[in-house]
Amino acid sequence: MNGTPEPVFDEPWHAQLFALTVHLNESGRFDWPGWAARFSKTLAAHGLNRDLDGGDDYFLAWLETLETLLAEDGTADPQDVAGTRDAWERAYLKTPHGAPVCLDG
Amino acid sequence: MPHDHHDHDHPHALLPPDPALRVKALETILTRKGLIDPAALDEILDTYQNRIGPQNGADVVARAWSDPAFRDALLKDATAVVADLGYYGRQGEHIEVVENTPDTHNMVVCTLCSCYPWPLLGIPPGWYKSDAYRARAVREPRRVLADFGVTLPDTTAVRVWDSTAEVRYLVLPMRPAGSDGMDRAALAGLVTRDSMIGTGLPRSPE
């Protein structure tokens with residue numbers, strides 16, 4: 001364990017997504033073997049046409065799995081997710097650089 | 001880059017990439033519904049970014065090298081032994097330790113996704129999650145080992161363990177020659193992450 005440690009996550013959103021999923025599992029929204037089975041299927045489907053490198057593509061598959069799971073159990077409606085995503089984009093675009101970005105309402 | 005974020009004509013906050021916005025959207029919706037606790041999220045992040053990592057596994061290996069009774073107990077019931085040391089949690093519910101010997105070298109993969117003993121090794125490296133490793137580790141383990149710079153004698157068999165959501169494996173590497181008399185902390189310093197996945201060997205003492 002010498003030298004500078006490698007960052008655990010390459011991108012902040014990888015870490016956020018990871019933590020969100022673990023938190024939902026720990027609070028009982030789904031069990032881990034069930035999660036792993038779903039995630040394996042998404043990875044397999046994504047890997048049909050090209051080799052996944054285990055970086056962004058891995059977490060994109062993870063995100064798709066979580067979005068689908070939460071859509072299916074009625075927790076997060078896809079339209080609602082898309083609308084909230086766009087609201088965040090607008091918030092970033094209108095917030096002056098350096099100021100904290102907040103959603104309206 | 002589709003957009004020059006440092007352009008002074010657009011002095012707004014840096015726009016995160018699309019998936020980051022989608023993650024924020026999920027977080028917002030779940031928070032509004034009272035399904036997530038932001039403090040618990042921060043706690044998980046801190047744990048996995050700062051407190052859990054291969055140093056935990058290295059501690060377990062160094063103990064096994066220096067204490068035969070600990071080694072025996074570890075090989076018999078690793079889950080209980082490492083939990084006693086405080087290394088437990090998500091993806092650590094059932095851990096098995098497989099021991100390298102002159103006859104057998106063990107190597108771990110998760111062919112379906114990326115199951116990994118988080119409490120002992122932290123978050124897996126990118127290559128562990130890649131299709132290339134997941135496919136080739138089973139098919140041609142010796143070639144994969146060669147890519148990692150590990151060459152084993154022909155008399156050593158390579159055994160590949162496929163981790164699942166139920167069972168996760170940790171390799172107990174062989175104690176390096178020349179490490180007699182080293183204390184536990186020094187021994188832990190010889191244990192690399194890859195040596196506990198089986199794609200590497202421990203460092204040799206200076």
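The model is predicted: local features need pLDDT of at least 70 and side-chain atom pairs count only at pLDDT 80 or more, while totals for chains, interfaces and linings use all residues. Residues are numbered from 1 along each chain as its sequence is written, chains are lettered from A and ligands numbered from 1 in the order in which they are written, and side-chain values use heavy atoms, with hydrogens and water left out.

**Where the chains meet**

Contact here means heavy atoms within 4.5 Å. Buried area is the accessible area (1.4 Å probe) that two parts lose on being put together, summed over both. A salt bridge puts a side-chain nitrogen of Lys or Arg within 4 Å of a carboxyl oxygen of Asp or Glu.

| Item for chain A and chain B | Value |
|---|---|
| Residues in contact | 56 residues of chain A, 54 residues of chain B |
| Buried area | about 4,900 Å², 67% from carbon and sulfur atoms |
| Salt bridges across the interface | two salt bridges |

One of the salt bridges joins the side chains of A:Arg85 and B:Asp18, at 2.7 Å from N to O. On the side of chain A that touches chain B, the elements giving two or more residues are helix 1 (12-26), helix 2 (32-46), helix 3 (56-72) and helix 4 (78-94). Helices (H or I, at least four residues) and strands (E, at least two) are DSSP runs, numbered from the N terminus. Helix 1 of chain A gives the most to this side, with twelve residues. By class, the side has 31 nonpolar, 14 polar and eleven charged residues; Ala, Val, Leu, Ile, Met, Phe, Trp, Tyr, Cys and Pro count as nonpolar, Asp, Glu, Lys and Arg as charged, and the others, Gly among them, as polar.

**Inside chain A**

Helix 1 of chain A also meets helix 3 of chain A, and the residues in this contact from helix 1 include A:Trp13, A:Phe18 and A:Leu24, with A:Phe59, A:Trp62 and A:Leu70 among those from helix 3. The residues of this contact divide into eleven nonpolar, two polar and one charged.

**A loop in chain B**

Finally, look at B:Val167, in the loop between strand 3 (157-162) and strand 4 (168-172) of chain B. Leaving aside neighbours within four places in sequence, B:Val167 is in contact with B:His94 and B:Glu96.
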